[in-house]
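Here are my notes for your first pass through this model. Keep the structure open beside them and look up each residue as you read.

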Amino acid sequence: MSDEDGVQLEARLEEQEAFDPPEEFVEQANVSEKSIYEEFEENWPECWEQAADLLDWEESYDEVLDASNPPFYEWFTDGKLNASANCLDRHLDERGDEAAIEWVGEPLEEGNRTYTYEDLHREVNEFAAALREMGVGEDDVVTMYMPMIPELPIAMLACARIGAPHSVVFAGFSADALATRMNAADSEYLVTCDGYYRRGDPLDHLNKANDGLAGVEHFVSDAVVVERLRDGDGFGHDLADDQRTYADLVAEQAGETVEPVERDAEDMLFLMYTSGTTGQPKGVKHTTGGYLSWAAWTSQAVLDIEPEDTYFCSADIGWITGHSYIVYGPLALGTTTMMYEGTPDYPERDRLWEIVEEYEANQLYTAPTAIRAFMKWGSEYPDRHDLSSLRLLGTVGEPINPRAWKWYYKHIGDKSCPIVDTWWQTETGGMMVTTLPGIGTMKPGSAGPPLPGVDAQIVDTDGTQVDAGRAGYLTVQKPWPGMLRTLYKNDERYIDEYWREYSDTDSDDMEDWVYFPEDGAKIDDDGYITVLGRVDDVINVSGHRLGTMEIESAIVGVEGVAEAAVVGGDHEVKGEAVYAYVITEEGYEGGDGLRLRVVGGIEDAIGPIARPESVVFTPELPKTRSGKIMRRLLEDIANNDELGDTSTLRNPDVVEDIAASVSDD
Ligand code: 6R9
């Protein structure tokens with residue numbers, strides 16, 4: 001190819017708006033018949049037996065869907081199964097010697113760990129026996145506060161084995177965040193670790209865990225501490241009387257096996273706390289049958305996972321993506337799932353590509369924020385490595401802009417891997433809107449049509465479907481197996497948060513109930529959905545959901561602060577970043593000292609991921625006549641955009657003042 005041809009090809013890629021999946025991929029794809037869309041629609045909800053059939057059931061279910069009491073739907077009623085048996089035991093005969101988890105740890109010289117299905121089965125059994133010994137019973141919520149170490153999925157599966165729901169708290173969250181979640185779930189057990197490594201340095205984790213425990217209001221029975229740090233790297237913590245090391249517990253149970261507990265399809269598999277509009281995180285409840293079928297089916301249909309694959313998702317298990325698409329989906333399918341403890345830029349910016357090459361990964365599932373960072377670093381890093389093992393690429397967590405999409409397609413996928421841009425949420429349990437990689441034309445920037453059997457529509461404020469090309473609100477008009485069942489111990493809030501907006505809440509008819517995910521979106525003539533972002537007070541920083549109210553209450557807790565408003569502003573790599581506007585109390589000056597304390601307050605309450613991009617002190621906040629803060633105007637300021645309409649403000653001048661003080665900074 002001449003240089004000129006190359007330049008032309010490049011120009012064509014820039015302009016190209018639709019891409020067909022590569023033939024070679026289509027030929028081997030798990031799903032490649034277009035008719036699946038019609039079939040599922042005609043055969044709804046029985047179509048979801050296909051998902052349930054991917055699992056082994058101890059007792060088969062009576063009904064696919066019980067919709068008699070919406071929005072409290074039940075799926076695969078009276079079916080019995082165990083999630084850990086589905087992820088482990090049933091693979092032993094055929095795949096016992098194959099890798100279940102390939103763990104790539106930090107620091108580099110320490111070496112990595114491979115867990116075959118047999119290894120994983122053994123250790124999950126031993127830890128399950130240990131949990132029982134500690135007194136953990138069926139339906140007791142066990143909290144896990146751990147980074148990306150193998151003991152995290154082991155503990156999750158051990159809980160699943162004995163029917164104890166887990167509640168995993170992201171290790172980057174603060175002590176306060178841990179305490180809030182343990183309190184909300186009444187969780188009496190904690191599994192944590194002494195520390196972990198970041199960019200080669202040991203990090204103290206147990207101090208945070210202990211601080212968190214101090215804030216738990218009820219009796220905490222026992223805490224298990226995984227000793228992750230190597231000798232000499234520790235922080236000199238003495239374990240408390242009620243703290244046991246993971247290694248001791250497992251050693252005591254060496255060789256023990258635990259019969260997997262038969263769980264009802266609707267029994268809780270886990271809780272996951274996520275940010276919402278109010279300051280209190282929401283405890284999303286997922287079940288054993290519906291969730292696991294959903295995770296398995298979408299892993300097979302969308303990520304095209306086969307047992308022989310080595311599949312790499314770079315998310316953290318502390319978020320839903322890691323639950324569904326590092327642990328449950330891939331292991332249910334008996335594949336090799338990778339876990340990477342470190343960051344993509346250590347020791348060099350080619351770390352991920354080095355791993356893909358070394359392990360010959362077949363799929364890579366990551367977030368747009370990571371892709372934007374890779375793009376910024378430059379293509380020389382992936383170019384150093386042979387990435388030809390890759391067959392499919394995926395993204396999740398936030399909208400991906402066409403430029404980043406094309407960069408991913410070209411520099412990582414070598415134009416020969418389909419990309420699935422998957423829209424879903426903690427609440428949906430798994431993917432909802434995305435092309436099927438063996439079928440759909442891909443349009444960069446647009447996630448694609450809803451999955452077969454998923455009824456997603458874009459509506460206006462009245463709930464009427466909007467025309468193609470117009471922005472509206474994303475809704476899901478029919479239930480699906482992977483959906484959350486409720487917010488833990490708060491059915492009322494479950495209805496308020498997700499259903500009230502568009503449903504006739506007095507009705508018992510499923511048709512009158514509409515799920516509202518709080519995202520804006522538009523749809524094109526081909527039925528492709530482009531998700532525009534949250535329409536509530538949630539901001540999406542590097543694909544992580546943060547509630548502005550949570551951040552605001554953290555700021556207001558800082559001495560010297562009278563009031564605060566937080567908005568998301570555009571950010572080149574993070575997608576959105578936190579911008580804080582703060583009014584000081586009488587007698588306090590807004591300056592660097594207070595700014596530091598505000599940042600510290602946020603880190604204490606939530607964690608470093610919520611660290612603000614800027615903190616602006618202002619004498620007033622823009623408010624409507626009814627006293628509501630006009631966040632949209634603050635967003636305009638953060639983005640340096642032209643200011644929107646200020647005529648409904650009680651104090652229109654204040655906006656100009658803030659904008660001026662920002663540009664002075
Ligand atoms: C899986 C996960 C959910 C929110 C969701 C939306 C945003 C996720 C997206 C996307 C555009 C995509 N989101 N995937 N936006 N395109 N492909 O991220 O769950 O942490 O609960 O966040 O993320 O705004 O509502 P969660």
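1. Where is the place of Pro71? Pro71 sits in the loop between β1 (65-66) and β2. Keep in mind throughout that this is a predicted model. Now look at the bond before that residue. Pro70 and Pro71 are joined by a cis peptide bond, with omega of about 0°.

2. There is another cis bond to find. Go to Trp44 and Pro45: a cis peptide bond joins them, and omega is again about 0°. Pro45 belongs to the loop between α3 and α4. Such bonds deserve a look because most peptide bonds are trans.

3. Stay with Trp44. The structure holds 34 aromatic pairs. One of them is formed by Trp44 and Trp75, in an edge-to-face arrangement.

4. Asp304 has a positive phi of about 60°, although it is not a glycine. Find Asp304 in the loop between α12 (289-301) and β16 (310-313). It stands out because most residues other than glycine have a negative phi.

5. Now turn to the ligand. How many residues surround it? The count is 17. The closest are Asp421, Thr426, Asp519, Arg534 and Arg545. By class, the shell has six nonpolar, six polar and five charged residues.

6. Which elements supply at least two residues of that shell? Helix α13 (320-332) does, and so do strands β20 (419-422) and β24 (529-534).

7. Check the individual contacts. An oxygen atom of the ligand lies 2.7 Å from an N or O atom in the side chain of Arg545. A nitrogen atom of the ligand is 3.1 Å from a polar backbone atom of Gly397. A ligand nitrogen is also 3.5 Å from a polar backbone atom of Pro399. How much of the ligand does the protein bury? Alone, the ligand exposes 530 Å², and the protein buries 97% of that.

8. Compare the annotations with the model. UniProt, in an unreviewed entry, lists "domain: Acetyl-coenzyme A synthetase N-terminal" at residues 34-87. That span is 30% helix and 11% strand, and its end C-alpha atoms lie 29 Å apart. The unreviewed entry also places "domain: AMP-binding enzyme C-terminal" at residues 550-628. Here the span is 27% helix and 32% strand, with end C-alpha atoms 17 Å apart.

9. Last, the domain assignment. The protein chain is given domain 1 (471-531) and domain 2 (537-664). How far apart are their centres? Taken over C-alpha atoms, 30 Å separate them.

Technical notes
Residues numbered from 1 in each chain as written. Predicted model: local features only at pLDDT ≥ 70, side-chain atom pairs only at ≥ 80, totals over all residues. Heavy atoms only, no water. Near = heavy atom within 4 Å. Polar contact = N/O pair within 3.5 Å; in protein donor to acceptor, adjacent residues only side chain to side chain. Areas by Shrake-Rupley, 256 points an atom, 1.4 Å probe, with all protein chains shown as cover. Helix = DSSP H or I, 4+ residues; strand = E, 2+ residues; numbered from the N terminus. Nonpolar A, V, L, I, M, F, W, Y, C, P; charged D, E, K, R; others polar. Domains from an automatic or database assignment. UniProt positions renumbered as here; feature names shortened; annotations may be inferred. Phe/Tyr/Trp six-rings, centres within 6.5 Å; stacked < 30°, edge-to-face > 60°.
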